[in-house]
Amino acid sequence: MMNNLMRYLGDEEEKGILTKETVHVLMGERDKVAKFYPQIEKTIFDCTDIIGQLLGFEGDLMRYMSLPEMDIFLKEKKLGEAQLKILEERKEGYVMVYLEEGDQEIIQTGSIVAEIREMLQPSISTTELKGTCAFPGRAKGRVHNLLTDRNWHPPKGAIIVTTMTNPDDTPIIKNASALITEEGGILSHAAVLSRELMIPCIMSTKYATQMLKTGDIIEVDAEKGIIKKV
Amino acid sequence: MGCKKVICEEGLEITTSRNLPLFIMSCVARGYTRNLRAHFGMSYGATGTLGKSNWMSALFNNHRIIKDIEEYLEGHHPDDTLLVMHCQKIPILPLHPSWIFILPTLPLWA
C-alpha cells in the first residue's frame with residue numbers, strides 16, 4: 001500500500017502537499033505496528049513449536065499450512081501422513097495464489113514451482129535499474145549484497161544492496177559510498193539513515209538484490225534514480 | 001484454477017521478498033483482498049506467494065489498485081467521517097482510521 005502511495009506521489013509537489021497529512025498519519029501508525037508485530041510473529045513460532053512437540057512432529061511444518069488448513073488442523077488436532085508429506089514438500093518450495101472470492105490454491109510440485117519461479121524472475125541481462133531517490137549524489141564502486149553476504153563486513157566505500165535496511169545495518173552503511181534498497185519510501189529507515197549520513201540512496205528498485213551480486217562494479221546516480229552495471 | 005493461469009491472468013509480479021512463513025502470507029492474502037474490500041471498498045483482487053523454507057516473495061498487481069488509491073487520496077482527508085465510520089465497524093481497530101490501511105499489511109512491515 002505504501003509503495004502504491006509513493007508511486008502515486010512521484011515527484012509532483014502538488015500531490016505531496018495534498019497527501020502530506022495522510023502520509024504523516026500512516027507513518028506514525030506504521031511505527032507503532034513495527035514495535036508490536038515481531039511479538040506476534042514470535043508468538044506464532046513459539047506456539048507452532050510447542051504444538052509440534054506435543055503431537056510428535058516438527059512444529060515448523062505448521063507454518064506451511066494455509067489459514068483454512070490451520071483452522072481444520074486445530075479442530076481435528078491431528079495430521080495424517082499424506083498431509084505431513086505435503087507440508088515437507090512445501091518447505092522445499094511452493095506457490096500460493098488467493099482470489100478475492102476465497103479460492104486458494106497451493107502447489108508444491110518441484111517442477112511446476114521451478115517453472116513459475118523462472119517465469120517471475122526479472123531478465124538477468126538487464127544492466128540498468130531504476131528507483132526512487134532518497135538522498136541525491138553519485139557513486140561508483142563494488143557491490144556488497146547484504147542479502148547473500150550478511151556475515152562479513154564490506155570494505156570501506158562499498159555500495160550496499162539490500163531488500164530493506166534495519167537498525168543493525170547502521171555500522172555497515174556508515175562506511176558505504178551508496179545505498180540501494182528494493183523497498184521503502186521517503187520515511188523508511190533507509191531513507192532517514194541515508195539523509196542522516198549524507199550517502200546517495202536509491203530505493204524501491206524491486207530487483208536489486210537479484211541483479212546485483214557482491215563484487216559487481218556499478219555506478220549509482222541518485223540524482224536520477226539510475227543504477228548501471230559497469 | 002491453476003496457479004500459473006491466475007498469475008498470468010491477474011498480472012501478478014514479485015513486489016517484495018522477505019522472511020515470512022506461508023501461514024502468515026495466507027493471512028496477508030485475505031487482508032489484501034477480502035478484508036480490504038469489506039472495510040475500504042477496494043482490493044487487489046488476487047495475490048500470490050512464491051516461497052521456499054520461511055523465505056517468500058509476495059506477488060501483487062499494483063496497477064490494479066492504484067487508481068482506487070488515487071481517487072481516495074484526492075477525495076478524502078485522513079480524519080474524514082467515512083473513515084471514522086469504517087473503523088467504528090471494526091472492533092479491532094480502536095485507534096486512528098488509518099489502521100484500515102495498515103492492519104492487513106502488518107506482516108510485510110515488520
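Which residues form a nonpolar patch on the surface? They are A:I50, A:L54 and A:L55, with about 310 Å² of accessible area together.

Some ground rules. This is a predicted model, so local features need pLDDT of at least 70, side-chain atom pairs count only at pLDDT 80 or more, and totals for chains, interfaces and linings use all residues. Residues are numbered from 1 along each chain as its sequence is written, chains are lettered from A and ligands numbered from 1 in the order in which they are written, and side-chain values use heavy atoms, with hydrogens and water left out.

Back to the patch. Patches take residues with over 30% relative accessible area and no salt bridge; like charges are joined within 9 Å, nonpolar side chains (Val, Leu, Ile, Met, Phe, Trp, Tyr) within 5 Å. A salt bridge is a side-chain nitrogen of Lys or Arg within 4 Å of a carboxyl oxygen of Asp or Glu. Areas come from the Shrake-Rupley method with a 1.4 Å probe; for residues, only the protein chains shown count as cover. A:L54 sits in helix 3 of chain A, residues 20-55. Helices (H or I, at least four residues) and strands (E, at least two) are DSSP runs, numbered from the N terminus. A:L54 counts as exposed because its relative accessibility is 69%. Exposed means over 50% relative accessible area, buried under 20%, partly exposed in between (1.4 Å probe, protein chains only).

Now the inside. A nonpolar core is a set of buried Ala, Val, Leu, Ile, Met, Phe, Trp, Tyr and Cys residues joined through side-chain atoms within 4.5 Å. The largest has 32 residues, of which A:M65, A:F73, A:L79, B:M25 and B:M42 touch the most other members. Helix 2 of chain B gives the most to this core: eight residues. Apart from it lies another core, of 16 residues, including A:A139 and A:M211.

Cysteines next. How many disulfides does a search of the whole structure find? Zero, over all chains. A disulfide is a pair of cysteine sulfur atoms within 2.5 Å. A:C133 is partly exposed, at 27% relative accessible area.

Last, the backbone. A:K77 is not a glycine, yet has a positive phi of about 60°. A:K77 lies in the loop between helix 4 and helix 5 of chain A, and is exposed at 58%. A:M198, also not a glycine, has a positive phi of about 55°. A:M198 is in the loop between helix 8 (189-197) and strand 8 (201-203) of chain A, exposed at 61%.
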